[in-house]
Amino acid sequence: MERTAPPRDTAAPTPTGALDGDSLGMPTGAPVTDAPEMPTRAPDADAPRLLDGVPRQRGPGERVVGGVRQPGRHPGPAAGPRRRPRLWRLLSGLRPWRLLPTPTGTPFTFGYALLLCLTSLISAHADPALVHALLQGSSTDVTHLVRTPELVLVGSALWVAGGVTSPFALAFVLVLTALERRIGGVRTAGVFLLGHVLATLATEVPVGLAVLAGHLPDSSLHRLDYGVSFGVAAGIGALAGLLPLWQRLPLLAAFGWMLLQDLLAYADPMTNWGHLIALGIGIATWPVVRRWYATRLGVAGPDREAVGA
């Protein structure tokens, strides 16, 4: 059976966008083969537009099952790391072993603590007469300060009044460890010696003047005075300046109240006044220790003022 083309006037209209004979340089009336119309799929509002004319293009979230594309769900946002509760983060950040001195982290406090343990063992187990002679020779009374000030100022700082179980012994370990971790060993030793020396002179010089004026007996020139409490009090005052306000105020309030109670008890007024003076000396070092702390942290410029705030 012969296949003939349909008449010109009954031919199917040229699809919109199709190329006719004139545009291809072909004579008018040449047959144009209609390309099969590709099925179109309206893109989703949320999905990126698919490229025209590229077959077998898979949209977002689609999958192929048995050769047939099936729409899928858009993937949701990726779940971020699960945040732990605030209390758990605070507890996990605590490192209680850093409260104690170590040979590498705080060599000054560690070595000094070992030396105090040794002298405490001597005072507890040695012959009482020998212990009394050692303490008397290390006493920072007026007589020894006039004769050998350097020797007694150093020697009196080698003993702990009350032994290693006294409150000042515990404060020595905790306070000097925290201070050394912030400003270094040499500077911590400087703060300790500053409080120890200045508070000693501030309490003993008035005693000597009172004896010369006749207000105190000559026996006051040989008063037994030794221990590390003045240096520890200065360390507490200096450390308070490096702590946040919510830690600084309770520390100063608790320690100051303890010193005031000792002073009101009037058991050893010169030593009690020395503790208050040493605490004030430590507080007076705040500008210096804050600058040291900022330098150690690498903070420069106006940010130094925020250290310890």
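Predicted model: local features only at pLDDT ≥ 70, side-chain atom pairs only at ≥ 80, totals over all residues.
**Reading the helices around helix 9**

Student: Which residues of helix 9 are buried?

Tutor: Buried means under 20% relative accessible area, exposed over 50%, and partly exposed in between (1.4 Å probe, protein chains only). Helices are DSSP runs of H or I with at least four residues, numbered from the N terminus. In helix 9, the buried ones include Phe230, Val232, Ile236 and Leu239, along with glycines such as Gly231 and Gly235. Twelve of the twelve residues are buried, so helix 9 is largely enclosed by the rest of the structure.

Student: How many residues does helix 9 have, and what span does it reach?

Tutor: The expected span is 1.5 Å times one less than the number of residues. Helix 9 (residues 229-240) has twelve residues and reaches 17 Å from first C-alpha to last, close to the expected 16 Å.

Student: At what angle do helix 7 and helix 8 cross?

Tutor: Two packed helices are described by the angle and the distance between their axes. Axes are lines fitted to C-alpha atoms over the stretch in contact, with angles from 0 to 180 degrees between N-to-C directions. For helix 7 and helix 8, the axes come within 7 Å and cross at roughly 130 degrees. Helix 7 and helix 8 are therefore oblique to each other; angles under 35 degrees count as roughly parallel, over 145 as roughly antiparallel, 65 to 115 as roughly perpendicular and the rest as oblique.

Student: Which residues of helix 7 and helix 8 meet?

Tutor: Contact means heavy atoms within 4.5 Å. Phe172, Leu176, Leu179, Glu180 and Ile183 in helix 7 meet Gly185, Arg187, Thr188, Val191 and Phe192 in helix 8.

Student: How far apart are the axes of helix 7 and helix 12?

Tutor: They're 8 Å apart, and helix 7 and helix 12 pack at about 55 degrees. That makes helix 7 oblique to helix 12. Here Glu180, Arg181, Arg182 and Ile183 in helix 7 meet Val289, Trp292, Tyr293 and Arg296 in helix 12.

Student: Is Tyrosine 266 buried or exposed?

Tutor: Tyrosine 266 is exposed, with a relative accessible area of 61%, and sits in the loop between helix 10 and helix 11. Most residues other than glycine have a negative phi. Tyrosine 266, though not a glycine, has a positive phi of about 60 degrees.

Note on methods. Residues numbered from 1 in each chain as written. Heavy atoms only, no water. Helix = DSSP H or I, 4+ residues; strand = E, 2+ residues; numbered from the N terminus.
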